[in-house]
Amino acid sequence: GSPCIPIVADARDEAQVGRLVARTVEQFGRVDILVNNVGWSDRSPLASLDYASWRQEFSLNLDPAFFGSRA
């Protein structure tokens, strides 16, 4: 089987994602595939969302992909 290493990280935190990628590169030499598998939806009607809720949902669904891809 292929080796794997457990890494706990909050995908919403750019520094933690950077450490995750750095640890992966340290262990395996490179990153070949990045799977951005995080997401959440309030499922409230858009008209009832306040801006803070909108930003929270938007950030959770897009920032981890940005952080991981950039790292």
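User: How many salt bridges does the structure hold?
Analyst: The structure holds four salt bridges, a salt bridge being a side-chain nitrogen of Lys or Arg within 4 Å of a carboxyl oxygen of Asp or Glu. This is a predicted model, in which local features need pLDDT of at least 70 and side-chain atom pairs count only at pLDDT 80 or more, while totals for chains, interfaces and linings use all residues. Residues are numbered from 1 along each chain as its sequence is written, and side-chain values use heavy atoms, with hydrogens and water left out.

User: Which residue forms a salt bridge with R70?
Analyst: R70 pairs with E14, and their closest N and O atoms are 1.9 Å apart. Helices (H or I, at least four residues) and strands (E, at least two) are DSSP runs, numbered from the N terminus.

User: How does E14 count in terms of accessibility?
Analyst: E14 is partly exposed because its relative accessible area is 38%. Buried means under 20% relative accessible area, exposed means over 50%, and partly exposed lies in between (1.4 Å probe, protein chains only).

User: What about R23, which residue is its salt-bridge partner?
Analyst: R23 forms a salt bridge with E26, with 3.6 Å between the closest N and O atoms. Both residues lie in helix α1, three residues apart, which is about one turn of the helix. With a relative accessible area of 32%, R23 is partly exposed, whereas E26, at 63%, is exposed.

User: And R30, which side chain does it meet?
Analyst: The side chain of R30 meets that of D32 in a salt bridge of 2.5 Å, N to O. R30 is exposed, at 55% relative accessible area, and D32 also counts as exposed, at 58%. As a general point, side chains of opposite charge can pair when their charged atoms come close.

User: Changing topic: how many aromatic pairs does a search of the whole structure find?
Analyst: The search finds two aromatic pairs. One of them joins W54 and F58, a tilted pair with 5.4 Å centre to centre and 35° between the planes. Rings of Phe, Tyr and Trp (its six-membered ring) pair if their centres lie within 6.5 Å; planes under 30 degrees apart count as stacked, over 60 as edge-to-face and the rest as tilted.

User: How far apart are W54 and F58 in helix α2?
Analyst: They are four residues apart in helix α2, so about one helical turn separates them. W54 counts as partly exposed because its relative accessibility is 36%, and F58 counts as partly exposed at 35%.

User: Which residues form the nonpolar patch on the surface?
Analyst: The patch consists of L46, Y51, W54, F58 and L62, with about 550 Å² of accessible area together. Patches are made of residues with over 30% relative accessible area and no salt bridge; like charges are joined within 9 Å, and nonpolar side chains (Val, Leu, Ile, Met, Phe, Trp, Tyr) within 5 Å. Accessible areas come from the Shrake-Rupley method with a 1.4 Å probe, and for residues only the protein chains shown count as cover.

User: What span does α2 reach, and where is its kink?
Analyst: α2 has 20 residues and reaches 26 Å from its first C-alpha to its last, close to the 28 Å expected at 1.5 Å a residue. The expected span is 1.5 Å times one less than the number of residues. A kink of about 35° lies at L62, shortly before the proline P64; the bend at a residue is the angle between axes fitted to the seven residues ending there and the seven starting there.

User: Which residues are buried in α2?
Analyst: E57, L60, P64, F67 and G68 are buried in α2. E57 counts as buried because its relative accessibility is 15%.

User: How far are E57 and F58 from S41?
Analyst: The C-alpha atoms of E57 and S41 are separated by 6.5 Å, with the residues 16 apart along the chain. F58 and S41 are 17 residues apart in sequence and 9.0 Å apart in space, C-alpha to C-alpha.
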